[in-house]
Amino acid sequence: MIDSTLLKALHWNTELSAGLTEKLLSIAQLKTQLKASEMDGATIAHQGASFVVQGTVTICLQTPNLKTVNNIVMGKGDWFGNYDSRNSSYTPFFISGIDEVTLIHFSNFDLHRLAQENVEIYKWFHSLSLESKTKWLQSQLMMSENKLKRVVYLLLELAAHIPLLRGETPKVSISQQQISQITGIARQRVNEVIKQLEKEQLLQIKRSCIYLTDLTGLGHKLDKVDLSLRDPRLMIDL
């Protein structure tokens, strides 16, 4: 059972009966301060539903040959997971942690046990799938753009999910190797994009972090991109 402070932070995305809510809370598991290295490729993406209390992760969809075909960013207040009860040797999702993450996790074993007792839980499953739908669709649109725009979009999505303190240069704790894995762009091509953006003084690499020195300038790189489904620039004070 999670404590009252975390309970206030948790939201279900849809109205649930008091009985089901109580049962869900009874199976909730708190996973604290998971470092990026602990999250990378974590199987938790396929083990149930997770609520992000703190931190940022990317959820990536890949083909059986491990090629990334889609990715989204999830941060504080977001849900992710796979609550499909079918066993499969192919696990299509992998997680990449950006910073320390705290989760409230609901395991598939417990969720499927509750589903046998109360079909209302499928209403909750449905609401979780709808929450991330726009992110997935916009990300799919971005896969048709060139490598520079895809990298910039990822950086702005990450910026939209981290606290931005007025007067401080936003920074993202992400490596070029992570960007390559998340976007599916070759490491060498990611390096070329980062160097170009650094040359234009839109960002700066320092101590395994990317400092977004000119958010407005980065935002303009997406001016001609179709962001009708989701525009991360609207969530940042540019």
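This is a predicted model: local features need pLDDT of at least 70, side-chain atom pairs count only at pLDDT 80 or more; totals for chains, interfaces and linings use all residues.
Start with the rings. Across the whole structure, a search finds 10 aromatic pairs. Take Trp-79 and Phe-106. Their ring centres lie 5.7 Å apart and their planes meet at 35°, so the pair is tilted. Stacked pairs need planes under 30 degrees apart, and edge-to-face pairs need over 60. The pair also links distant parts of the chain. Trp-79 belongs to strand β5 (residues 79-81), whereas Phe-106 belongs to strand β7 (residues 101-107). The two residues are 27 residues apart. Trp-79 is buried, and Phe-106 is buried too.

Now widen the view. Trp-79 and Phe-106 are part of a cluster linked by ring pairs.

Lys-206 lies over the face of Tyr-211. The distance to the ring centre is 5.5 Å.

Next, the helices. Two packed helices are described by the angle between their axes and the distance between the axes. Here the pair is helix α8 (residues 176-183) and helix α9 (residues 187-199). Their axes come within 9 Å. They cross at roughly 115°. The crossing of α8 past α9 is right-handed.

Which residues of α8 and α9 meet? From α8 come Gln-176, Gln-177, Ile-179 and Ser-180. From α9 come Arg-187, Val-190, Asn-191 and Ile-194. The residues of this contact divide into 3 nonpolar, 4 polar and 1 charged.

Conventions
Residues are numbered from 1 along each chain as its sequence is written. Side-chain values use heavy atoms; hydrogens and water are left out. Rings of Phe, Tyr and Trp (its six-membered ring) pair if their centres lie within 6.5 Å; planes under 30 degrees apart count as stacked, over 60 as edge-to-face and the rest as tilted. Helices (H or I, at least four residues) and strands (E, at least two) are DSSP runs, numbered from the N terminus. Buried means under 20% relative accessible area, exposed over 50%, partly exposed in between (1.4 Å probe, protein chains only). A charge sits over a ring if NZ of Lys or CZ of Arg is within 6 Å of the ring centre and within 35 degrees of the ring normal. Axes are lines fitted to C-alpha atoms, for helices over the stretch in contact, and angles run from 0 to 180 degrees between N-to-C directions. A crossing is left-handed if the near helix is turned anticlockwise from the far one by less than a right angle, and right-handed if clockwise. Contact means heavy atoms within 4.5 Å. Ala, Val, Leu, Ile, Met, Phe, Trp, Tyr, Cys and Pro count as nonpolar, Asp, Glu, Lys and Arg as charged, and the others, Gly among them, as polar.
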